[in-house]
Amino acid sequence: MVCAERDFTLTKRTLMSVASLHATAIRQLTPALLSSTATTDAPPVTVGERSKQRYYQTNPVERRFEEVGFPGLTPAEKKTYTHSRLILPVANRQVSLSNKTDREYWKQVTKEGLPCRRLKNNYSWGTDKHGRDVGTYRFEELKKRSLSQAKLTALTVLHRQFLLKREAARSKGAELPQEDIDQEKKRRQEMAALKRELYGEIPGPLGNDPEWDDVIPIPQEEPQDALARIAYTDDYAEAVSYLRAVMASEEYSPRCLRLTEHVIAMNPGHYTVWLYRFKIVSALKLSITDEIQWLNDVALNHLKNYQIWHHRQLLLDHHFANTLSSDAEAAKQFAKSETDFISKILAKDTKNYHVWSYRQYLITKLNYWSPFELATTQSMIEDDLRNNSAWSHRFFIVFSDPSHSTKGSAATEYDPKVPGAILDREIAYAEEKIKLAPQNQSSWLYLRGVLAKGGRGLDTVGDFASQFFSNLGAEDEEVTSSHALDLMSEVYHKQGEIEKAKLCLVELSEKWDPVREGYWKYRLSELK
Amino acid sequence: MSAPTLDKAKHVKFWQRCHKSFLPTAYTASDSTRLTFAFFIISALDILSVPLTAEDRAAVRTWVLSLQHPDGGFCGSPAHALAGENASKGSANIAATFFALILLGMAAETEEEQRSAFAGVDRKAVLLWLKKLQRSDGSFGQVLWEGEPTGGRDTRHSYLASSIRWMLRGSVERGDENWVEDIDVEKMTEYIRGLQTYDGGIAESSTEESHAGYAYCAISALSMLDRNSGTPANAKGAMDSGIADRAMLLKFLAHRQFKYLSNTEAIASEEGSTENYLEAKLGDLSLGGERAYTGFNGRWNKRADTCYTWWACSMFRLLDADYNYDAVPTGNYLLDITQHVIGGFGKAVGEPPDIYHSYLGLATVGLIGGYDLKEVDAGLCCSTDTVRKIDVAREGMLESLKKQSEQRSGWEAEDFWGKAANVVKVM
């Protein structure tokens with residue numbers, strides 16, 4: 001019924017014809033036939049009330065019939081009621097008569113003043129964008145609405161003319177003058193405003209842009225009872241429907257690149273828009289450095305996003321294959337600018353996993369094992385001794401550098417290729433940092449890691465670790481690092497001093513690290 | 001001081017709100033993982049024993065199946081799924097597929113529904129798609145893009161792959177008509193084995209920083225390979241061959257917990273002053289009647305976060321090493337520190353509840369037990385009740401496949417045509 005209402009009111013012309021239908025129907029009634037109650041009704045306030053009154057006006061005796069039923073009508077009323085129904089099949093051309101009979105028929109109908117055109121009951125005016133029944137509108141409200149509808153119709157006509165003109169121009173290989181396009185843009189904005197006002201339809205910026213006319217968006221469809229529904233903004237819903245369309249048609253163009261940017265700004269976690277964007281960049285052979293530049297801003301705005309760094313990795317691979325692999329100087333430059341940016345982002349978020357991952361990838365890919373990297377970890381560790389990400393990166397820089405390590409050596413495996421001097425340097429570094437903060441987990445782990453790589457036993461740092469506790473088991477027992485006790489329990493165990501080893505674990509469990517009581521007890525049970 | 005409680009009614013309200021109304025616009029940034037969110041919502045209601053109506057359950061099935069990709073797998077959200085002739089242009093995602101299958105199991109109620117929970121899933125297509133997602137090094141991608149697995153090489157995808165395999169593969173033997181070429185389980189195990197880091201943890205690769213989330217996924221991937229795999233109890237399972245150094249791993253895990261200083265942490269959090277957790281004074285035993293809290297982090301020295309109680313505690317369960325932590329102060333942390341007054345859990349002290357942390361917080365409370373929640377399975381991160389249903393669904397799926405192939409061979413069998421010929425003659 002909403003459609004019917006729209007059809008009736010879409011143009012001024014149809015509006016007129018609706019009105020005249022009412023008027024004719026009323027004119028065809030003789031005063032005698034008008035139900036007395038209808039004439040005494042208060043003047044209608046709303047559109048729906050007027051429809052109801054006109055219904056009674058064009059359906060004589062209907063109200064009486066509703067009130068008292070057929071048996072309750074007077075004989076005259078019965079006659080009118082029956083006749084006015086009997087004439088309908090012929091009036092509606094459901095029964096065809098010969099010309100002569102037809103003339104007779106109409107003569108009779110006119111003579112008796114029977115209503116051959118009648119309004120139907122419960123006319124539905126439909127609802128507006130707020131779900132309000134238009135029937136409850138006051139006349140001035142309907143007038144305003146009808147004017148807007150007429151205006152929209154007029155604009156639609158002009159809009160269609162634009163489309164035809166453009167098609168004609170394009171068939172001759174020409175484009176319309178910019179003036180026309182600008183007018184059309186303005187027109188669409190007006191149409192969008194009207195559609196929003198009238199129907200709550202929200203054509204977004206893409207629908208209003210003639211550049212996107214050839215794309216039929218594929219809106220996301222889902223039932224009312226779909227799960228995890230999100231209150232999308234109209235902008236997002238529109239952008240995604242265009243994205244779906246261009247991805248399906250495999251279009252790789254500058255406008256699509258802009259579209260991906262638009263979608264990414266709202267949903268950076270979209271798992272294929274990034275892959276699509278990369279495809280566009282490579283298909284159009286766009287500048288990788290420009291793309292990286294753009295990506296920098298996105299990364300700074302979405303620190304925790306993973307896709308951004310995956311995209312960056314794809315760009316790096318692409319750039320490497322096309323340029324960097326054959327241009328050492330360019331590779332160095334690129335590595336430098338990348339690490340600069342990484343440092344900038346790590347300054348904001350010192351333990352960002354994706355950033356550190358990418359940093360490793362970059363160094364391996366471009367073979368960028370510079371002293372600068374070691375210095376970076378050093379200064380970050382100095383800023384925060386407990387920054388385990390920086391410690392972890394240092395371990396990578398030292399023990400994965402192909403110039404002094406074995407490729408593919410496991411993280412806890414002895415690597416004979418690592419020079420003793422480097423091991424000494426790293427052990428000294430860890431010990432120095434442990435002394436600054438004896439309870440710091442990261443530095444102790446690093447120390448153990450270095451020893452494993454160097455094939456050196458834990459006992460080689462036994463003396464060092466022993467300085468962090470004294471008088472174990474005695475009244476005046478003192479411990480400044482629980483990690484030292486843990487390490488020494490292993491040293492004693494290896495040296496066959498089981499009781500001493502046990503004592504370390506008992507003290508950890510009962511006194512110095514009771515939060516891990518269960519763990520230390522398990523370690524105790526493993527001691528033999 | 002009485003023990004902290006789980007405000008079950010508030011949690012029910014929180015999840016019902018998520019179920020029945022639109023998620024706020026801010027969730028647009030997670031639009032690609034709506035299936036995951038749907039799982040969190042429905043599964044939370046399941047753990048809370050809130051029954052779904054028949055209509056709700058039907059809606060879950062219809063919606064989930066509407067996201068199935070014709071070439072195998074499920075799309076992450078309606079934004080990634082296309083209808084009709086464009087359907088193959090959508091993109092299936094490994095996480096979405098995992099959550100879709102569990103949701104189908106969860107939405108089944110009667111015995112018959114459970115047996116046919118996987119009806120409508122193109123088992124063969126999913127398994128073949130899964131195989132294509134595996135790389136030659138044994139790792140898995142999350143999406144097929146131009147036929148190639150893409151995305152990180154991390155253990156999340158291994159875990160999802162091994163769980164999907166468990167749910168759909170069943171015990172079909174090679175040579176059987178319904179046998180589908182399998183992923184390379186040995187390579188997968190070997191790949192995971194190679195991820196242990198110098199500190200005993202597990203990372204995206206052995207040179208990166210160890211991380212409890214990746215560790216959980218690695219261990220869980222192995223455990224799902226071993227789950228009713230039919231291998232004899234004394235045989236060496238994936239759990240044994242996939243963990244290079246169990247002792248070091250346990251040490252890494254045991255150190256994910258620390259004594260959480262509720263007062264000072266709350267202040268530090270307000271000031272946003274530190275990236276690290278606040279260390280208790282060594283040997284400070286003066287609890288003085290104060291309630292004890294244990295917080296968990298994902299990496300060394302980092303601050304406590306609700307979700308790591310799940311990743312760590314469930315990993316202890318999978319490793320059969322629950323003795324490593326104390327359930328009481330762990331529960332205290334969740335219920336007193338991150339449980340929110342409007343229901344749900346926040347990431348850390350003072351944070352508003354979000355779907356992800358609310359779910360994992362609730363799942364951990366269920367895992368620990370004792371709070372009137374359904375029992376939670378450490379491997380699939382849903383109620384054991386749902387896991388049981390999935391088990392029934394697996395059996396039902398294989399049975400119906402068997403029936404179908406019997407029917408096919410029945411039609412082809414000579415005997416049938418012989419009989420049919422006789423019928424024709426008689427007529």
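Guide: Helices (H or I, at least four residues) and strands (E, at least two) are DSSP runs, numbered from the N terminus. On that basis chain A has 25 helices and two strands. This is a predicted model, in which local features need pLDDT of at least 70 and side-chain atom pairs count only at pLDDT 80 or more, while totals for chains, interfaces and linings use all residues. Residues are numbered from 1 along each chain as its sequence is written, and chains are lettered from A and ligands numbered from 1 in the order in which they are written.

Visitor: What does the C-alpha trace of chain A span along its principal axes?
Guide: The spans are about 125 × 70 × 35 Å. The radius of gyration of chain A, taken over C-alpha atoms, is 42 Å, whereas a compact globule of 528 residues would have one near 24 Å, by the rule of 2.2 Å times the number of residues to the power 0.38.

Visitor: And how many residues of chain B are in contact with chain A?
Guide: Counting two residues as in contact if their C-beta atoms, placed from the backbone, lie within 7 Å, 65 residues of chain B meet 60 residues of chain A. Helix H2 (34–47), helix H3 (54–66), strand S3 (143–145) and strand S5 (257–259) of chain B each supply at least two residues of the chain B side.

Visitor: Which of them gives the largest share?
Guide: That is H2(B), with four residues.

Visitor: Switching topic, which domains does chain B have?
Guide: An automatic or database domain assignment gives domain 1 (1–121), domain 2 (124–255) and domain 3 (257–296 + 303–382) of chain B. The C-alpha centres of domain 1 of chain B and domain 2 of chain B are 24 Å apart.
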